[in-house]
Amino acid sequence: MRLKKEDWKSFELKYRWETFYFYKVEVFEDEDGWTVKVKRSSNNEKIVKSFSEYLYRPWMEECELYGVQVDGKIIAWMSVGYERWCNRLRIFELYVLEEYRGKGAGSMLINKAKELAKERKVRAIVLDTHNSNYAAIEFYRKHGFSLNGFDLTQYHNDDVSRNEVRIDLVYTLE
């Protein structure tokens, strides 16, 4: 269901995940250039991440908000925007309450993004996530997204050694 921005403009999503797995990003440089390796790895200790992010922020281009409702309660949210300059749809945020994960709400939102992309005749849907958000990366891969890039300094200047790399994913339309 479409949500009104004015009703959700100060709504905070409280992200949290736990995992032993992550995608390790390694960059090797020599005189011929760079070699990049992105591979699933495991950690001896459980990785626990949590932070808050607003569902909507004024800088988001042509932003629309969507939600999934169960028994009168919104249990999943997505904010998307149209990047007119490069003809892409960007998923800014996609969040499902922990107790509802794995029950189809996220898939409903991804399918809504794909429907919007087809309606607008965009060439791709893009999003980003954290390399340790293993469940999210696997979810996006299951829905046809693939690696589009990464940001080695999104969070800190030593993101690679900290295993805290932003992973960019893309779904291309035919």
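This is a predicted model: local features need pLDDT of at least 70, side-chain atom pairs count only at pLDDT 80 or more; totals for chains, interfaces and linings use all residues.
**Entry 1: aromatic pairs**

I began with the rings. My search of the whole structure turned up 13 aromatic pairs. I opened the one between Tyr15 and Tyr95, which is edge-to-face, with 5.2 Å centre to centre and 80 degrees between the planes. Where in the chain do Tyr15 and Tyr95 sit? Tyr15 belongs to strand β2 (residues 12-30) and Tyr95 to strand β6 (residues 88-96), so I noted a pair that links distant parts of the chain, 80 residues apart.

Next I looked at Phe139 and Tyr140. Their ring centres are 5.3 Å apart and their planes meet at 65 degrees; edge-to-face needs an angle over 60, so the pair gets that label. Tyr140 has 7% relative accessibility and therefore counts as buried.

**Entry 2: a charge over a ring**

Which residue lies over the face of Tyr21? I found Arg40 there, at 4.4 Å from the ring centre.

**Entry 3: positive phi**

I went looking for positive phi outside glycine and wrote down two residues. Lys121 has a phi of about 55 degrees. I placed Lys121 in the loop between α2 (105-120) and β7 (124-130). With a relative accessible area of 67%, Lys121 is exposed.

Asn163 also has a positive phi, of about 55 degrees. The loop that holds Asn163 runs between α4 (159-162) and β9 (166-172). Asn163 has a relative accessible area of 22%, which makes it partly exposed. Buried would have meant under 20%.

**Entry 4: cysteines**

How many disulfides does the whole structure have? I found zero. I wanted to know why, and Cys63 gave me a clear case. The closest cysteine sulfur to that of Cys63 is in Cys86, 15 Å away and so too far for a bond; a disulfide needs the two sulfur atoms within 2.5 Å. Looking from the other end, I saw that Cys86 is in no disulfide and that its nearest cysteine sulfur is that of Cys63. I checked accessibility too: Cys63 is buried at 3%, and Cys86 is buried at 11%.

**Entry 5: two buried loop residues**

Arg57 is in the loop between β3 (33-54) and β4 (63-70). Is Arg57 buried or exposed? At 14% relative accessibility, I put Arg57 down as buried. Its side chain has a polar contact of 3.2 Å with the side chain of Glu93.

His143 is in the loop between α3 (134-142) and β8 (146-151). His143 comes out as buried too, at 12% relative accessibility. What does His143 touch, leaving aside its neighbours within four places in sequence? I listed contacts with Ser107, Ile110, Asn111, Lys114 and Tyr171. Of these, Ser107, Ile110, Asn111 and Lys114 have numbers that fall in α2 (105-120), and Tyr171 has one that falls in β9 (166-172).

Notes:
Residues are numbered from 1 along each chain as its sequence is written. Side-chain values use heavy atoms; hydrogens and water are left out. Rings of Phe, Tyr and Trp (its six-membered ring) pair if their centres lie within 6.5 Å; planes under 30 degrees apart count as stacked, over 60 as edge-to-face and the rest as tilted. Helices (H or I, at least four residues) and strands (E, at least two) are DSSP runs, numbered from the N terminus. Buried means under 20% relative accessible area, exposed over 50%, partly exposed in between (1.4 Å probe, protein chains only). A charge sits over a ring if NZ of Lys or CZ of Arg is within 6 Å of the ring centre and within 35 degrees of the ring normal. A polar contact is a pair of N or O atoms within 3.5 Å; within protein, one must be able to donate a hydrogen and the other to accept it, and residues adjacent in sequence count only if both atoms are side-chain atoms. Contact means heavy atoms within 4.5 Å.
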